Amino acid sequence: MTATAQKKPARSTAGVEDRGLAGVFARLKEGRKHGYGVFHLGSWPMLIGGMMMIISAFLPWIYVSLTQGLIGESFVLRGTDGPGVLTLSVGCLAFAGGFVPRRRLAIAHAAIPGLVVAAIALLQGWNLIVANASTQWGSFMPGMGLVLAGGGAVLLIRAAWSMWKRWPAA
């Protein structure tokens with residue numbers, strides 16, 4: 001019998017195997033390089049864009065003020081009063097797509113919610129213009145929820161495009 005044991009070389013994955021939030025951050029950082037684990041090239045934009053859409057569903061989308069003067073009455077249409085429910089649903093889909101390691105599925109999780117919410121935001125913008133043209137200009141104003149939903153849609157469409165063009169080879 002020989003007393004010589006072969007030692008395995010130490011792996012340099014410091015931080016990647018950590019537990020808790022430090023490990024998640026390390027895996028996200030590593031995933032930007034080559035797609036480690038469930039995180040990939042578009043994880044950060046998809047997580048941020050999905051959260052933007054989820055939050056936007058609960059914010060005011062349209063401010064309506066139909067009277068003039070010092071004591072004008074106005075009311076607010078929230079996202080959950082109309083298309084914000086769909087925005088909330090696809091925002092959850094986009095957020096979940098940040099954890100999908102498969103290329104085509106991750107692109108679909110970014111592109112479909114991005115295009116759907118972009119269409120909703122453009123339609124709402126068009127409705128604002130038409131409503132303002134038929135009443136006194138400035139009676140209908142966009143709210144922060146509509147702006148945030150549009151920004152999340154742009155972020156997701158850009159993430160889908162960058163994943164389509166620059167996904168690392170396996």
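Student: What is the accessible surface of the protein, and how much belongs to carbon and sulfur atoms?

Tutor: In this predicted model, the accessible surface of the protein comes to about 11,000 Å². Carbon and sulfur atoms account for 66% of that area.

Student: Why is Trp 126 called exposed?

Tutor: The relative accessibility of Trp 126 is 52%. Exposed means over 50%, and therefore Trp 126 counts as exposed. Trp 126 lies in helix 4, which covers residues 103-134.

Student: What makes the nonpolar surface patch that includes Trp 126?

Tutor: The patch is made by Trp 126, Ile 129, Val 130 and Trp 137, and its area is about 480 Å². Nonpolar side chains are joined into a patch within 5 Å, provided that their residues have over 30% relative accessible area and no salt bridge.

Student: Why is Phe 75 called partly exposed?

Tutor: Phe 75 has a relative accessibility of 45%. Buried requires under 20% and exposed over 50%, so the value for Phe 75 places this residue in the partly exposed class.

Student: Where is Phe 75 found, and which residues is Phe 75 in contact with, leaving aside its neighbours within four places in sequence?

Tutor: Phe 75 belongs to strand 2, residues 74-78. With those neighbours set aside, Phe 75 is in contact with Ile 62, Tyr 63 and Val 64.

Student: Which pattern does the protein follow along the sequence?

Tutor: The pattern is α-α-β-β-α-α-β-α, with five helices and three strands.

Notes
Residues are numbered from 1 along each chain as its sequence is written. This is a predicted model: local features need pLDDT of at least 70, side-chain atom pairs count only at pLDDT 80 or more; totals for chains, interfaces and linings use all residues. Side-chain values use heavy atoms; hydrogens and water are left out. Helices (H or I, at least four residues) and strands (E, at least two) are DSSP runs, numbered from the N terminus. Accessible areas come from the Shrake-Rupley method with a 1.4 Å probe; for residues, only the protein chains shown count as cover. Buried means under 20% relative accessible area, exposed over 50%, partly exposed in between (1.4 Å probe, protein chains only). Contact means heavy atoms within 4.5 Å. Patches are made of residues with over 30% relative accessible area and no salt bridge: like charges are joined within 9 Å, nonpolar side chains (Val, Leu, Ile, Met, Phe, Trp, Tyr) within 5 Å. A salt bridge is a side-chain nitrogen of Lys or Arg within 4 Å of a carboxyl oxygen of Asp or Glu.
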